[in-house]
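Subject: Structure handover

Hello,

Please find the structure below, with the sequence alongside. My notes on it follow.

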Amino acid sequence: MPVIRPFKCIRPAEDKVSAIAALPYDVYSRKEAKEAVQSNPLSFLKIDRAETQFPDDTDMYSPQVYQRGRETLEEMIEDGSFVKDEERCYYLYALTYDGRTQTGIVGCASIDDYLNGTIRRHENTKEDKETDRIRHVDTMNAQTGPIFLAYRRQSELDSIMKEVKKTASLYDFTSEDGIRHQVWKVDPDTREAGEITEIFSKIGCVYIADGHHRAASAVKVGIKRREEHPDYDGTEEFNYFLSVLFPAEELRIFDYNRVVTGLNGHTFEELLEGIGEHFYIEESASIFKPERKGEIGMYVGGRWYRLSARENLYTGDPVDDLDVSILQNKILNPILGIRNPKAEPRLQFVGGIRGLKELVRLVDETEHKDITQVRAAFAMYPTSMEELLSVADEGRLMPPKSTWFEPKLRSGLFIHRL
């Protein structure tokens, strides 16, 4: 059963919260991160991506960069930009986007639950990305970006959140991308605070929705600290990592689309012929956005096509039956030569939040006279939350870039000191 507990939070001062809160560190390129900090000197990116405070030729993974992030946090605590809550508390974090609200409970999850599978995963991690965040968390002596966890809805937790929302909020602001962010503190002396811990202790498991690299890095820092303190008893803060836990039913997964450069030596006619072995093909007069599982939109040669998977492609396997798996196994690999989607430079992943016009732009900007540079785009129907849970429940992993969650949790709202 998962162990979830409250913590002593470091958080922004109310009058600075909207300026400090930032999108996760990994959605920015280095150039974009630096521009964001230059336009907003309070942005948490100057801590999460401290290379923004150095010349462009500085090694972004050098020890001085991580140390600068720690110093900046200390300076902002000292000048009152951040405040410290002296009691262990839970918080509620609600995000409203496109008319939908999702509300999560902010607390700390156990690294042992990650290690024993009580916190279930659905995605592999890359060593280089882990190493960066390990250095960041270890040097900062803090976790600055929460892990996005999900649980199967519990009516008791719904009732608790409803009661807490009747109290005054700590924060209520709308970020520049139109997302409303609201935060409430759960009074540690109330019945609700104690019940949150108890209810989670009776749930069989929770799931990582987003933030696999941050979770893996936090766990490895915790293991490192255990080795450095062999007399640890399990109550130390390094045994826990910062999380926001949402009911799975409230979460929204967007499509994660693909663009391939080069048709692997095929003509348009040969491409369609190969696809036709496993899909029904229908040309579309306009942009085709898939409306149901089993549909894929393809844009190539200036034309859109609707690809509908033939019924015999589905076997009941939770991974193989994912639309992203069917695309990879029946089109990208055998026809277009994309053997390893994690390391193929010809394959580009495009988050659905950018829209299908972005696929058109990426395809049309290439020179069609050179057959090796012709691009084909594939618009996907979003993976469902239930598909994600089913894969994780079987201890399986999804293909890379199977899910794109929106809205993104902001970093800098909650900081957990180790």
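To begin with burial: 55% of the 418 residues of the chain count as buried. Please keep in mind that this is a predicted model, so every value here is computed from that model.

Overall form. The chain has 418 residues, and a compact globule of that length would have a radius of gyration near 22 Å; the chain has 23 Å, so the two agree. The C-alpha trace spans about 65 × 50 × 45 Å along its principal axes.

Secondary structure and contacts. The chain holds 13 helices and 21 strands. Taking contacts between residues at least 6 apart in sequence, 76% join residues at least 24 apart.

Cores. In soluble globular proteins, nonpolar side chains tend to be buried together. Here the largest nonpolar core has 64 residues. Which of its members touch the most others? They are Leu-336, Phe-378 and Phe-414. Leaving aside residues up to four places away in sequence, Leu-336 touches Val-260, Gly-262, Leu-263, Asn-264, Leu-271, Ile-331, Arg-346 and Phe-378. There is also a second, separate core of 31 residues, and Leu-149, Ile-196, Ile-199 and Phe-241 are among them.

Surface and charge. The accessible surface of the chain is about 18400 Å², and carbon and sulfur atoms account for 46% of it. As for charge, the chain carries 56 positive and 72 negative side chains. The centres of these two sets lie 1 Å apart.

Regards

Key
Residues are numbered from 1 along each chain as its sequence is written. This is a predicted model: local features need pLDDT of at least 70, side-chain atom pairs count only at pLDDT 80 or more; totals for chains, interfaces and linings use all residues. Side-chain values use heavy atoms; hydrogens and water are left out. A nonpolar core is a set of buried Ala, Val, Leu, Ile, Met, Phe, Trp, Tyr and Cys residues joined through side-chain atoms within 4.5 Å. Buried means under 20% relative accessible area, exposed over 50%, partly exposed in between (1.4 Å probe, protein chains only). Contact means heavy atoms within 4.5 Å. Helices (H or I, at least four residues) and strands (E, at least two) are DSSP runs, numbered from the N terminus. The radius of gyration is taken over C-alpha atoms; the globule rule is 2.2 Å times the number of residues to the power 0.38. Accessible areas come from the Shrake-Rupley method with a 1.4 Å probe; for residues, only the protein chains shown count as cover. Lys and Arg count as positive and Asp and Glu as negative; His and the chain ends are not counted. The place of a charge is taken as NZ of Lys, CZ of Arg, CG of Asp or CD of Glu.
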